Amino acid sequence: MDSMPPLLVVAGALVRGGAVLVQQRPADKAMAGLWEFPGGKVDAGEAPAEALARELNEELGVSVDPVKLTPITFGTGLIGSRDLVLLLYRVAQWTGEPQALETPELRWVDADALRDLPMPPADLPLIAPLCRILG
Ligand SMILES: Nc1nc2c([nH]c(=O)n2[C@H]2C[C@H](O)[C@@H](COP(=O)(O)OP(=O)(O)OP(=O)(O)O)O2)c(=O)[nH]1
């Protein structure tokens, strides 16, 4: 419980041929070394899908149309003492080849590899719904 409103974070599942793109958190950040979906915090006054399009461009160098992002599921957690709400969207179409612009490594993983990756606690409930999409 915190006096701040929950932190709203958007994340994208770029899906290609039964695999999803994940990135490793940098050594100088909280939860260093864990694997996460590209994305980030929604800024004040920003729509969630627009925030995700912005973050995907900053982190991967790809362009996406916010209108084509479709919700998959959400997770909740804590960042310190602040509540976190993590919205996962499916990204079926993008322009450009994803590049690791802000993280040490990108990886395309299938459902089995995804289940074995160390991820932040808020991501854990996202895995089963996403694996149903990956097949
Ligand atoms: N992008 C992303 N963030 C996640 C996931 N799971 C999860 O708990 N988070 C957390 C980590 C951060 O606290 C927050 C995302 O915000 P951010 O990407 O702007 O923050 P950050 O910690 O990387 O860096 P900073 O800008 O706060 O220094 O959500 C995930 O799957 N993807």
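Mentor: A residue is near a molecule or strand if its C-beta atom, placed from the backbone, lies within 6 Å of it. The model is predicted: local features need pLDDT of at least 70, side-chain atom pairs count only at pLDDT 80 or more, and totals for chains, interfaces and linings use all residues. Residues are numbered from 1 along each chain as its sequence is written.

Trainee: Which residues come nearest to the ligand?

Mentor: Of the 16 residues around the ligand, the nearest are Val9, Glu36, Gly39, Gly40 and Pro120. Elements giving two or more residues to this shell are strand 1 (7–16), strand 4 (39–41), strand 5 (70–79) and strand 6 (82–91). Strands are DSSP runs of E with at least two residues, numbered from the N terminus.

Trainee: What makes strand 4 stand out in the shell around the ligand?

Mentor: Strand 4 gives the most to that shell, with 3 residues.

Trainee: Why are strand 1 and strand 2 said to pair?

Mentor: Two strands pair if DSSP finds at least two bridges between them. Strand 1 and strand 2 (residues 19–24) have 2 bridges, so they pair, in the antiparallel sense. Arg16 stands opposite Ala19 in strand 2. The hairpin of these strands has 2 residues between them, and Gly17 takes a positive phi near 55° there.

Key. Helices (H or I, at least four residues) and strands (E, at least two) are DSSP runs, numbered from the N terminus.
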